[in-house]
Each structure stands twice: as C-alpha cells, then as structure tokens.
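Please read the points below alongside the sequence and the model.

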Amino acid sequence: MKARLSDDSVARALDSKSVEVQLRHREINTELVGSFGLHWMEPLLQISLENKEYTFSNVSDSKLAEVLQSLPPDGVPESNSSFIGPISGQKYLKNQQRLVFDRAGNVNPLALPRSETLESILSSEPETLIDAIETSGLRGRGGAGFPAHIKWRTVADTQSDQKYVVCNADEGDSGTFSDRMLMEGDPFKLIEGMVIAGYATGSSRGLIYLRSEYPVALEYLSEAIDIAYSNRWLGNEIFGSRFNFNLEIFVGAGAYICGEETSLLESLEGKRGEIRYKPPVPAIAGLFGKPTLVHNVITLASIPGIFEIGAREYAGLGVGPSTGTMPFQISGNVKRGGLIEIPFGTPVRTLVEEFGEGTLSGRPFRTVQIGGPLGAYLSEKELDTPLTYEHMEEIGAGVGHGGLVVFDDTVDLREQAEYAFEFCEIESCGKCTPCRIGSVRGKETMRQFKDGVDIRTYQLVEDLCDVMEQASLCQMGGMTPIPVRSAMKHFPEDFGRNGF
C-alpha cells in the first residue's frame, strides 16, 4: 500500500499533518504531494493498492481508520462517505487544460523532473528563444498583460556587466493563490522558467521576491533550490554549458505595494517600498540600476510548457492576442472554490456556474469581482463575457492575476466601494497625492451615501476617480476607481439611486 497526501497550505490549515503522522505511525509508505486545486476536498488522500487507486476527500486523523478499513479485501471503498473514486475522473479536473499545473498534485514537489528540454534549450541561440516567446504570444500573467517578448528583447539588447531576472512572488490580491500553489506543488517549474529566461536575456542572477505570509512555499522553494544546485540546474556551467545562473530568495515584509514591480525593486535594494518614476523602465535600469527582467510566478512557470508543446501550438490556445492557458482561481461565497487552468476565451459564467457550482450559501448570485481588490464587480448579464484581456477591457474590467471572488445577494456594494478606497488608503506607499489623499477622500465620500442621495456626491466621486485614474504614479491609485465605478454603475440601488 502506498499513500499520497496533499501538503499545501490549505491542506495543512485543515490539519493534514495529523493525518500524515497517523499514516507514518501505521508504517504506510506516504508521499507528500502538492494540491490539485480542489480546495473544498482538502485534505486529499490517494491510496494505491494492488494496482488500483482510491481517493478520499476531507480526510482527518479521526476518519483515517474508517478510510483504511473500507479498502479491499476487508471493505468496500464506495461505502465510505469520503470516497470520490480516482482523482483523474473528477469532472473539475477533466474539463481543464493544464500546462503550468500539469505536475502539481501528481508528483512530490521536491522530485526533480527530467531535464532534456532544459538541456536542449541551453544549447540553442538565445535570440531563437526570444523569437519563440514572441511567436507564443505569452503576456504577463500578473495583471497588465504586457507582451513578454518585449521585456526579454529589451533586457537582452541592453549592454551591461550584470543583468537580473526577478520573480515577483508577492501575491497579495484577495482571491488569488495560484503563485502559492505553484511554489508549493511544483517549484522546479518556476526554477526552470527562470533559468530559461536568464539564458535568453543574458542574465546570470535570479531573485525570487516572496511574500512573508507564505512559509510553506518558502520551505519547498528553499529545498528545491538546494536540489537544483546539487543537480547542476543552477550554478556555474549548467549541464556542461557555458551559462552560469545563481538563484536566491528574498522574503518581503508584507507590503501590498511591493507587488508593483518598481516598489519591489526598491525593497530588494533595502529601501522603503515606493513607486519609482518611469522611464527608465526596469528592463533598462532596474535592480541596482541594471537591466532587469521582472515577471510574476505564473508568467515564468508558463515558459517550460511553451517549449514542451511548441510556440505555435501554444499560440493556438486561447483567443486572438490572449494566447495560452491561465490558472484562474475562484473563491468567496462559492460551493467549489479552487484553481482552474483553462485557455483564454472561456466565459466567466463557466467558472462561476459550472466549476464553482453557484453560491455556497444557496442564495441567489449577485456579483463576482475579478482581478483582486482593485478589480471590477460584474453583473449577472456580464457573466457571458469571454475571459480575455480584450473582452474584459471592453466592459471596464481586467483579468488581473485571475482571481474571482463570488458574492450572493446579501452583499452591499456601497460597502465594497468604500472598502476599495480604504484598501488603497492603507496600502498606498504615499508617494503621490492622488493616491495618498484621494483614497481618504473617497472613503469619506462613500460614507456620505448613508445619509441620503445627493447628485453632488455622485459628481464628486466621478471627479475624484478621474484624478486618481489619470494622475496616480502607479496602478495602485490608478485602478482604485475600477471597483468603485463598476459597483455604482451596475448596482445603483445600493447607493440610493435607481440609475447612474
């Protein structure tokens, strides 16, 4: 008998460690794996017995004895309420197309994958790799959707004695957890992507800026990096090539603003996390004034899959300029919260109703916020919008980091709009006036709606949003109007008005 137990942050929060202790106490061969992203089923336990696989959900140390007793030859698994059949047969997974998360959940996170693809890449010309990224149409998965090849080519063409690849792993948006899941479930995917990006751009040093709230990710990443050095994935003359690449982790101090790339670079340099003026862009003068390629975790982890299936095949996934797959994350008041990796172009409704299966409360759906705390609130009629950068922009929304938070009909959108301003107030770096002062005034103005409707209040909000959107130094202040405007447009009744 062999057991495989999920060991990501969600499983641990649900006491999977107690299950692990019991399994090892019973001398059952136990392998820890990452999460498949079926969070409502955690902790997941897979048992292999006589060439058959049995999967059980929501396993606890108190339920373990019953689970084991239900196995053949003495029991019948179907009689156990936790039995869900083979994990490969789960509809939630079968309807996905996983390129980034193809290994997560299936393997031990510290099991070094085969290196043939990486070795082959390191024998290619760097320029051909950048051409392949351009052909693939890969865009940044952190929110802006900026074409990756432009950053790569800029770093590669900028002359310097030192270049860097920086991974933005400061995943701070509410309702997002794909970065964490990847680092906990398949850290070598990220390491491989950073090595390829370093080779293509002529960068010899990599840094992972990891948020301090991710101790399990830090644990797995640190061990994976040590293993990578021991097996010549990192260090000098990787796989016998002439390419040197060293990688280290930097743990942030919990500032949301450091998710913005220039604030992140300031923090890496030991300074207060504040926005930098641009130009110059980081690709020309980034970390310590040197050319720096900055991508988030999912962008870098998408790179190995592009070279495994081919750049043109990757570009064939998705719709138009929104190519490839995207790991969307659904949470909030939803029955089936978790991670869903699918090609761009899938309607929002598919995620909310087919994958999420509606609200957990059973009450009517009212809205879903997409793109983190500064993302838009969508109405029911907008659920049929395809999830692409272009279609989201047409309705005043964005894909962001792919996080969707579901709300039922008990939500008060005026309170949510007030929260958007308050969030900006708390998390602003304070460098520019529109963000620093505008967020405070916005919060105060939202509270005025409690005292009755005044057309001047609506106009004040509009003027304030215009200033923040057009004059803020970064997207912290520039995006705060998005949730406010979408809430007031689609749900005017919450602001004491029947139309806006």
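1. Domain 2 and domain 3 bury about 1800 Å² between them, with 56% of that area on carbon and sulfur atoms; buried area here is the accessible area (1.4 Å probe) that two parts lose on being put together, summed over both. Of the area that domain 2 buries against domain 3, 31% is supplied by Arg139, Arg141 and Phe177, more than by any other three residues.

2. This is a predicted model, in which local features need pLDDT of at least 70 and side-chain atom pairs count only at pLDDT 80 or more, whereas totals for chains, interfaces and linings use all residues. Residues are numbered from 1 along each chain as its sequence is written, and side-chain values use heavy atoms, with hydrogens and water left out.

3. The protein chain is divided into domain 1 (2-90), domain 2 (116-315), domain 3 (317-408) and domain 4 (413-495), the bounds coming from an automatic or database domain assignment. The C-alpha centres of domain 2 and domain 3 lie 26 Å apart, and their contact (heavy atoms within 4.5 Å) takes 25 residues from domain 2 and 24 residues from domain 3.

4. Between domain 2 and domain 3 the count is 1 salt bridge, defined as a side-chain nitrogen of Lys or Arg within 4 Å of a carboxyl oxygen of Asp or Glu.

5. The structure as a whole holds 40 salt bridges, and one network of them links Asp7, Arg12, Lys17, Glu20, Arg24 and Glu219. Within this group, Lys17 pairs with Glu20 at 2.9 Å between the closest N and O atoms; the two residues are 3 apart in helix α2 (residues 16-25), about one helical turn. Helices are DSSP runs (H or I, at least four residues), numbered from the N terminus.

6. Glu266 and Lys271 meet in a salt bridge at 4.0 Å, N to O, with Glu266 buried at 14% relative accessibility and Lys271 partly exposed at 45%. In helix α17 (residues 433-448), Arg441 and Glu444 lie 3 residues apart and form a salt bridge at 3.1 Å; Arg441 is partly exposed at 43%, as is Glu444 at 38%.

How values were computed. Buried < 20%, exposed > 50% of the residue type's maximum accessible area, 1.4 Å probe, protein only.
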